[in-house]
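Visitor: Please walk me through this one in plain terms.

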Amino acid sequence: MKYFCKSDIGLLRNENQDRVWVSSLGENEEAVVMVVCDGMGGENAGSVASQMTIDLIKDRIENGFRLSNNRNFIRNLLITSVTAANSLVFDRARAELDKRGMGTTCVAAIIYDERAYIINVGDSRCYHIFGKNMQQVTKDHTQVRRLIERGEITEEESKTHPNRNYITRAVGAMSDITPDYFEIDMEAGQYLLLCSDGLHGYGDDAEIAGIIVNNPVNKCCDLLIDYALANGGRDNVTVALAKC
């Protein structure tokens with residue numbers, strides 16, 4: 001497997017509150033882990049939340065994952081890692097006045113033995129790219145997604161809706177959290193893309209897929225960042241990409 005990541009502050013923000021971690025989990029890269037977090041909160045609080053979440057998940061997975069793990073173990077490892085991060089961030093937000101209200105999105109994936117194990121909270125996304133197709137695996141936890149599901153607005157209307165950035169679920173925002181969990185098959189030549197809304201909020205899925213399948217995988221993260229910036233780039237933008 002090949003895996004890469006990149007994060008950029010964007011064109012308007014004073015601080016990058018996104019965090020990303022990608023790593024091999026086996027001596028011969030038999031397994032890969034990727035995590036993207038997009039922090040929220042005043043001053044540097046969003047950065048604190050996203051960094052705390054990355055650090056805890058990294059520690060849990062590096063110490064807990066083994067190539068002998070079965071599917072149920074990997075699922076539980078991801079879920080307990082994210083819920084533990086939620087408790088940690090929530091407690092600190094309550095304890096420190098300047099951190100009140102901080103939180104972070106989180107999307108994480110482990111790719112192992114031709115399968116991807118994926119977990120998410122918030123609106124950072126996971127995409128599966130196969131052939132020339134790109135399918136969103138995760139479901140956004142946002143106000144506009146609720147409105148779409150109720151039939152009150154269309155997908156096109158959601159792109160300019162005034163509440164399009166309102167997150168309904170985030171790590172650290174509440175004392176308890178229920179992440180979404182997914183599993184998909186991964187075949188040779190397929191890709192898994194994790195990204196913050198700094199990418200998917202400023203681009204088209206088909207164009208993003210085209211960048212990935214039509215360029216060398218080691219150049220794709222740079223090209224995706226450039227694409228987001230060329231389309232406005234008003235947010236931090238972070239991508240993590242793996243190719244089986």
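**Helix pairs**

Guide: Helix 6 (residues 205–213) and helix 7 (residues 217–230) have axes that come within 9 Å and cross at roughly 150°. This is a predicted model, where local features need pLDDT of at least 70, side-chain atom pairs count only at pLDDT 80 or more, and totals for chains, interfaces and linings use all residues. Residues are numbered from 1 along each chain as its sequence is written, and side-chain values use heavy atoms, with hydrogens and water left out.

Visitor: What counts as a helix, and what's an axis?

Guide: Helices are DSSP runs (H or I, at least four residues), numbered from the N terminus. An axis is a line fitted to C-alpha atoms over the stretch in contact, and angles run from 0 to 180 degrees between N-to-C directions.

Visitor: OK. So how are helix 6 and helix 7 set relative to each other, roughly parallel or antiparallel?

Guide: Helix 6 and helix 7 are therefore roughly antiparallel to each other (an angle over 145 degrees).

Visitor: Which residues in helix 6 and helix 7 meet?

Guide: From helix 6, E207, I208, I211 and I212 meet C220, L223, L224 and Y227 of helix 7. Contact means heavy atoms within 4.5 Å.

Visitor: What classes are in that contact of helix 6 with helix 7?

Guide: The contact of helix 6 with helix 7 has seven nonpolar residues, one charged residue and no polar ones. Ala, Val, Leu, Ile, Met, Phe, Trp, Tyr, Cys and Pro count as nonpolar, Asp, Glu, Lys and Arg as charged, and the others, Gly among them, as polar.

Visitor: New topic. At what angle do helix 1 and helix 2 pack?

Guide: Helix 1 (residues 45–64) packs with helix 2 (residues 71–95) at about 145°, and their axes are 9 Å apart.

Visitor: And which residues meet in helix 1 and helix 2?

Guide: On the helix 1 side they are V48, A49, M52, T53, L56, I57, R60, I61 and G64. Helix 2 brings F73, L77, L78, T80, S81, V82, A84, A85, L88, V89 and R92.

Visitor: How many of the residues there are nonpolar, polar and charged?

Guide: The contact of helix 1 with helix 2 has 14 nonpolar, four polar and two charged residues.

Conventions: Helices (H or I, at least four residues) and strands (E, at least two) are DSSP runs, numbered from the N terminus. Angles under 35 degrees count as roughly parallel, over 145 as roughly antiparallel, 65 to 115 as roughly perpendicular and the rest as oblique.
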